[in-house]
Amino acid sequence: MSVYDFAVAPFVEFEFMRRALIGALALAIGAAPIGVFLMLRRMSLTGDAMAHAILPGAAVGYLIAGLSLPAMTIGGLVAGLAVAFAAGALARASVLKEDATLAAFYLISLALGVLIVSMKGSNVDLMHVLFGSVLALDDGALLLIAGIASVTLLVLALIYRPLVLECMDPQFLRSVSGAGLVAHFGFIGLVVLNLVGGFHALGTLLAVGIMMLPAAAARMWTDDVTALIGVAVLIAMGSSVAGLLVSYHGEAPSGPSIILVAGAVYGLSLAFGRSGGLVWKLLPARHLEA
């Protein structure tokens, strides 16, 4: 099999592969930078919890209108934002930390969402909600994902400086400016938006994977925030292309294939990355030369 037959022909010959490629690349461009800031803010597990928080809202949308893109999107947005802000408010009003509150919401949301979908739909519908359908993206879903990526890049450009400063020294930011609060809530909104976009392509169980795995892999190669974002986006895009090809040639599920490829890149980066990889740590340190 030639390189063309393996890597190019599937996207040239089949429209569903081209649609999947466009949707996956757009998702990577928007979600990977969000994953970088989740990692820098030590909110990786928060992103996972919020990914499941959108499930009940999307399930209610499904219960009302079936597999309707607008209904499930609006439901997911409302549920995700409600859980994010409710968890923060409860953490401040009770003895529980925010991570414990989010864990409770995560478990309740997952169980409630599965129950709601099961009440009306079949096992196929449930699998669609949980694992997405990147190979079945229609025009509406592609426009939604591309729109979310565009909004994400625009808003990140506006809040980039306070967001970076909040990651590095939040107390200093609070002492000199009130932009930290705006940046925080703007960022939380972007997290929910990208999880909703990822939900349509990869499902609620895997949407956070395209955020966090490329970001974690990129951290093994560079310490610079701007470079981190660039490397994470490249890894997410490369994993999307490779995952779709693995899915096509291996007749494997597309969403899990994309995330597993990203996981393989993370494993290689963990071993060989120049900025903290295990192999480089095992090598003897160089002595200063006169």
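Predicted model: local features only at pLDDT ≥ 70, side-chain atom pairs only at ≥ 80, totals over all residues.
Local features were taken only where pLDDT is at least 70, and side-chain atom pairs only at pLDDT 80 or more, whereas totals for chains, interfaces and linings use all residues. Residues are numbered from 1 along each chain as its sequence is written, and side-chain values use heavy atoms, with hydrogens and water left out.

The chain contains 13 helices and 0 strands. Both kinds of element are DSSP runs, numbered from the N terminus: helices are H or I with at least four residues, strands are E with at least two. The order from the N terminus is α-α-α-α-α-α-α-α-α-α-α-α-α. Along the principal axes, the C-alpha atoms fill a box of roughly 70 × 60 × 30 Å.

Of the 290 residues, 47% are buried. Buried means under 20% relative accessible area, exposed means over 50%, and partly exposed lies in between (1.4 Å probe, protein chains only).

Charged side chains number 13 positive and 15 negative. Lys and Arg count as positive, Asp and Glu as negative; His and the chain ends are not counted. The centres of the two sets lie 11 Å apart. Each charge is placed at NZ of Lys, CZ of Arg, CG of Asp or CD of Glu.

A search of the whole structure gives 4 salt bridges. The criterion is a side-chain nitrogen of Lys or Arg within 4 Å of a carboxyl oxygen of Asp or Glu. Glu15, Arg19 and Asp139 are linked in a network of such bridges. Within it, Glu15 meets Arg19 at 3.3 Å, N to O. These two residues are 4 apart in helix 2 (residues 15–40), which means that about one helical turn separates them. An α-helix has 3.6 residues a turn, so residues three or four places apart point the same way. Glu15 is partly exposed, at 46% relative accessible area. Arg19 also bridges to Asp139, at 2.6 Å, N to O. This pair links distant parts of the chain: Arg19 lies in helix 2 and Asp139 in helix 7 (residues 139–168), 120 residues apart. Asp139 is partly exposed, at 47% relative accessibility.

A further salt bridge joins Arg41 to Glu166, with the closest N and O atoms 3.3 Å apart. The pair again links distant parts of the chain, 125 residues apart. Arg41 sits in the loop between helix 2 and helix 3 (44–65), and Glu166 in helix 7. Both Arg41 and Glu166 are buried.

In helix 1 (residues 3–13), the buried residues are Ala9, Pro10 and Phe11. They pack against helix 2 and helix 11 (225–250).

Leu55 lies in helix 3. Its relative accessible area is 1%, so Leu55 counts as buried. Beyond its neighbours within four places in sequence, Leu55 contacts Ser109, Leu110, Gly113, Val114, Val129, Leu130 and Thr204. Gly203 is 148 residues away from Leu55 along the chain, yet their C-alpha atoms are separated by 9.2 Å.

Ile258 belongs to helix 12 (residues 254–272). It is buried, at 2% relative accessibility. Setting aside residues up to four places away in sequence, Ile258 touches Leu202, Ile210, Ser239, Ser240, Gly243 and Leu244. Ile258 and Gly209 are 49 residues apart in sequence and 9.1 Å apart in space, C-alpha to C-alpha.

Glu251 occupies the loop between helix 11 and helix 12. Its phi is positive, about 55 degrees, although Glu251 is not a glycine. Most residues other than glycine have a negative phi. Glu251 is exposed, at 75% relative accessibility.

Terms used
Contact = heavy atoms within 4.5 Å.
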